[in-house]
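Student: I'm new to this one and don't want the whole tour yet. Please pick a single part, look at it closely, and then show me what surrounds it.

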Amino acid sequence: MPAGHFSALPGMPGAGPVSAPPARVHALPSRDYLGAMATTVVWRLWGRCFPPVWLCRRAWPCGYRHYRAALCTKLKQPLAIEDVAPRPVRPHEVRVDVHFCGVNFADILVCRGQYQERPHLPFTPGMEFSGTVLEIGKDVSTVKEGDGVIGVSGLNSMAEEHIADQKALWRIPERVPLREAATLPVSYGTAIMALEHRACTQPGETVLVTAAAGATGLAVIDVATNVLQAKVIAAAGSDEKCKLALRRGAQSSVNYSQGSLKEAVRKLVGRSGVDVVIDTVGGDVFLEALHSLAWEGRIVVVGFSGGTIASVPANLLLLKNISAMGVYWGRYRDQNFPVFSRSLSSALQYCQQGRIQPHAGAVFKLEEVNDAFLHVTERKSTGKVLISLK
């Protein structure tokens, strides 16, 4: 290289020829100058290789960035917010920057050790989320970095980052906000599965939904009324919740804390009864709803938020040719994935088309996760309860 010339590092100030200094002096860059240039290059390359959200998180010795997560370290005790070191993504996996996570009663049950699935301690709860793709494995073809997605998982969603199999993610259509999308997976997936796949609800039929002001109840009202063109009777435990259900699209309502559900329904529809019942309460509410069914009516069991599992009087099924069935929505992921996936794709499509209007009743920060759980267990929640990670 001729005297008085040097090539700076690619992309850095000073690249190219430099004017020659006086003949007796061969100008070489100082150590401080080279060190500064090298440091700048490293940071520029770092910014290209890693998403911006990683750059504001503290580095662990392994080179990955830590993130915050809600941890259940002991059953029936408050959750703790702790820093977690992430792992690399596998070829078929996707790392998601979580924006919102849904709070479901099942999350509370799993943290009490009362759910069907009992993970080893410690664990992070959370079954559904929305966010943007940070990183994809080499075999991932369904999403790309920067895509907005919703996802479902058994655990681990109540965290700033989540690693999911690509099959557990669905791209969010344009014009659907991440907050609105986060209300869809469990509540609307369940509602669509119960109404369309199980009960085969037809236009003009009458649907009775219990716990109507809850997340699933409002989703059932929304889908039955605005998508399936059915008539909805909303049953709830307070006048305030009944009014909310009416505002969200139900044609009539019943406060079952003030008397017999069966008698109230009979006053509304006569002795003919309702065509479909979607029940999330169980116990006596389930039995009264069962007695409210019409000839060849269908009742779909979604849950037991009332705490009591009722026994079905089989003679009633016989006399009125009634069908009693259940929906364990999450189980479809393993047993019949195409049906499971279709319920989520339909929810996203309905939302994009403006046919449904998801309702988030309350949004808590991650550090308020225990308040969010209490909000649900004290039956203060209406619509979907979300955790915001941003």
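Tutor: Let's take helix H7: the face turned away from its buried side carries the exposed residues Glu240, Lys243 and Arg247. Exposed means over 50% relative accessible area, buried means under 20%, and anything in between is partly exposed (1.4 Å probe, protein chains only). Helices (H or I, at least four residues) and strands (E, at least two) are DSSP runs, numbered from the N terminus.

Keep in mind that this is a predicted model, where local features need pLDDT of at least 70, side-chain atom pairs count only at pLDDT 80 or more, and totals for chains, interfaces and linings use all residues. Residues are numbered from 1 along each chain as its sequence is written, and side-chain values use heavy atoms, with hydrogens and water left out.

Back to H7, which covers residues 239-247 and has Cys242, Leu244 and Ala245 as its buried residues. Looking down the axis of H7, you find these buried residues within an arc of 160°, so they line one face of the helix; the arc is that of the directions from the helix axis to the C-beta atoms. Cys242, for one, has a relative accessible area of 5%. What do the buried residues of H7 pack against? They pack against helix H6 (215-226), S9 and S10, with contact meaning heavy atoms within 4.5 Å. After H7 comes Gly249, with a positive phi near 130°.

Now for those strands. S9 (residues 231-236) pairs with S10 in the parallel sense over four bridges; strands count as paired if DSSP finds at least two bridges between them. Ala236 has Asn255 in S10 as its bridge partner. Both strands belong to an open sheet of six, in the order S10-S9-S8-S11-S12-S13, with parallel pairing. At its edges are S10 (252-255) and S13 (323-326), each pairing on one side only. On average, neighbouring strands in this sheet are turned by 20° against each other, direction ignored. Axes here are lines fitted to C-alpha atoms, for helices over the stretch in contact, and angles run from 0 to 180 degrees between N-to-C directions.

Another helix, H8 (residues 261-269), lies across S8 (206-209), S9, S10 and S11 (274-279), and runs at about 160° to S10. S11 is mostly covered, with five of its six residues buried. Three bridges join S11 to S8, and the two run parallel; one partner pair is Val209 and Ile278, the latter in S11. S11 also pairs with S12 (residues 293-301), in the parallel sense over five bridges, and there Val277 stands opposite Ile299.

Ile278 turns up again in the largest nonpolar core, which has 53 residues: along with Leu195, Val207, Ile221, Val223, Trp329 and Ile356, Ile278 touches the most other members. A nonpolar core is a set of buried Ala, Val, Leu, Ile, Met, Phe, Trp, Tyr and Cys residues joined through side-chain atoms within 4.5 Å. Apart from this core lies another, of 34 residues, including Cys72, Tyr115, Phe129 and Ile387.

To zoom out, the chain holds 13 helices and 15 strands, and 48% of its 390 residues are buried.
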